Amino acid sequence: MRPSRRRLTFLSAFGAAAALLPAVTWGGAQQGNGSDGGEVAIYSARHYDTDRQLYDAFTRETGIRVRLIEGNADQLIARIQSEGRNSPADVLITVDAARLARAKEAGLTAPHGSALIAQRVPAGLRDPDGHWFAVSQRARVIMYDRERGAPEGLSRYEDLADPRFRGQVCARSGSHPYNVGLVASVLAANGPERTEEWVRGLVANMARPPQGGDRDQFRAIPAGQCRLAIANTYYLGHYGRSEKPEDQALFRRIGVIFPNQAPGDRGTHVNISGAALVRTAPHREAAVRFLEYLTDAKAQELFALGNMEYPAVADAPLHPALAAMGAFRAEPIDTTGGAARAAEALQILQRAGWR
């Protein structure tokens, strides 16, 4: 099926904007350590200080310099498409499995072929064809006010549409990838009709129009604006690691429900950060070495302890603030059909009024 003129125009505009994204050389070249182990170009949708620490550590260990280009995932994918076979990109890192799946479907990625990655990362966190894998996870949970206690009858995402919770739910925009991913998860489990009915019920239960980020949702709980919030554990975890008394007080006040944990149920939805080898990578050997480094104990510790994420490797450490939220069983990552399901989920969100 040939793309429409509107689709081509959209991609062209995205590509033009993406071409303006700045590149930063990280690691050995910046520090002047004299190492000359080559270079790897990373196109990353993650923007964290801990990632820069990881790049520095990789360069110190291998001598391979990191050339970093940051942007949102759509910009980066559009840039790789517009650059074609001349793209300098070696590795693509995004914060959404559906975007990794879309990059694969567009022919932008290739199997990394690393037995080490296959050994370290569980099969449920890897593309079955070896194109991409998760490097970290964040659970998308329901939060509540401990002072009022956990609401009765709330143990599944589906329960959020129950009329008993009318006017009690806070959530960010439905178009955000975190919520698109959540609705895609419900869609895979329940089908389109039941999912749209669920979204309409959830929208009817919202305490206010969707606004702000995840932190704004659970901060609204003690402010009396809502009783329940949909948010990622990552954001609350940062309050748990803070040394500020007010942050610690908020962390202690907010309770966490890991949904869909009953035997036979699908588990709690998780968002991943993942990495893929770009098909036209000019530094393939260095790129695979970097991808393997992302699963190394030191890198996984940075994700888990430095950025409050759940590691992708089973024996990696967990930050005490995350451990304090409790253990949970995660829903398997949708490694097939993710991009198409995310597109359908967005359409459902728009029709149902979660904007």
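Because the model is predicted, local features are reported only at pLDDT of at least 70 and side-chain atom pairs only at pLDDT 80 or more, whereas totals for chains, interfaces and linings use all residues. Residues are numbered from 1 along each chain as its sequence is written, and side-chain values use heavy atoms, with hydrogens and water left out.

The protein chain contains 15 helices and 11 strands, taken as DSSP runs (H or I over at least four residues for helices, E over at least two for strands) and numbered from the N terminus. Of the 355 residues in the chain, 56% are buried, where buried denotes under 20% relative accessible area, exposed over 50% and partly exposed the range in between, computed with a 1.4 Å probe on protein chains only. Among contacts (heavy atoms within 4.5 Å) between residues at least 6 apart in sequence, 78% join residues at least 24 apart.

A search of the whole structure finds one disulfide, defined as a pair of cysteine sulfur atoms within 2.5 Å. The disulfide is formed by Cys170 and Cys226, with their sulfur atoms 2.4 Å apart. The pair links distant parts of the chain, 56 residues apart, with Cys170 in strand 7 (residues 169-170) and Cys226 in the loop between helix 9 (214-219) and strand 8 (228-232). The torsion about the S-S bond is about -115°, so the disulfide is left-handed. Both Cys170 and Cys226 are buried.

The axes of helix 7 (residues 177-190) and helix 15 (residues 338-352) come within 8 Å and cross at roughly 100°; these axes are lines fitted to C-alpha atoms over the stretch in contact, with angles running from 0 to 180 degrees between N-to-C directions. The two helices are therefore roughly perpendicular to each other, on a scale in which angles under 35 degrees count as roughly parallel, over 145 as roughly antiparallel, 65 to 115 as roughly perpendicular and the rest as oblique. In helix 7, Asn179, Val180, Val183, Ala184, Leu187 and Ala188 meet Arg341, Ala342, Glu344, Ala345, Leu346, Ile348 and Leu349 of helix 15. By class, this contact has 10 nonpolar, one polar and two charged residues.

Two loop residues have backbone torsions of note. Most residues other than glycine have a negative phi. Asn260, in the loop between strand 9 (254-257) and strand 10 (270-278), has a positive phi of about 60° although it is not a glycine, and is buried with a relative accessible area of 0%. Met308, in the loop between helix 13 and strand 11 (310-311), likewise has a positive phi of about 60° and is buried at 0%.

Further along the loop between strand 9 and strand 10 lies His269, which counts as buried at 9% relative accessibility. Leaving aside residues up to four places away in sequence, His269 touches Arg138, Ala139, Arg140, Tyr157, Gly181, Leu182, Ser185 and Glu331. Leu305, in helix 13 (residues 297-306), is partly exposed, with a relative accessible area of 28%.

Terms used:
Nonpolar A, V, L, I, M, F, W, Y, C, P; charged D, E, K, R; others polar.
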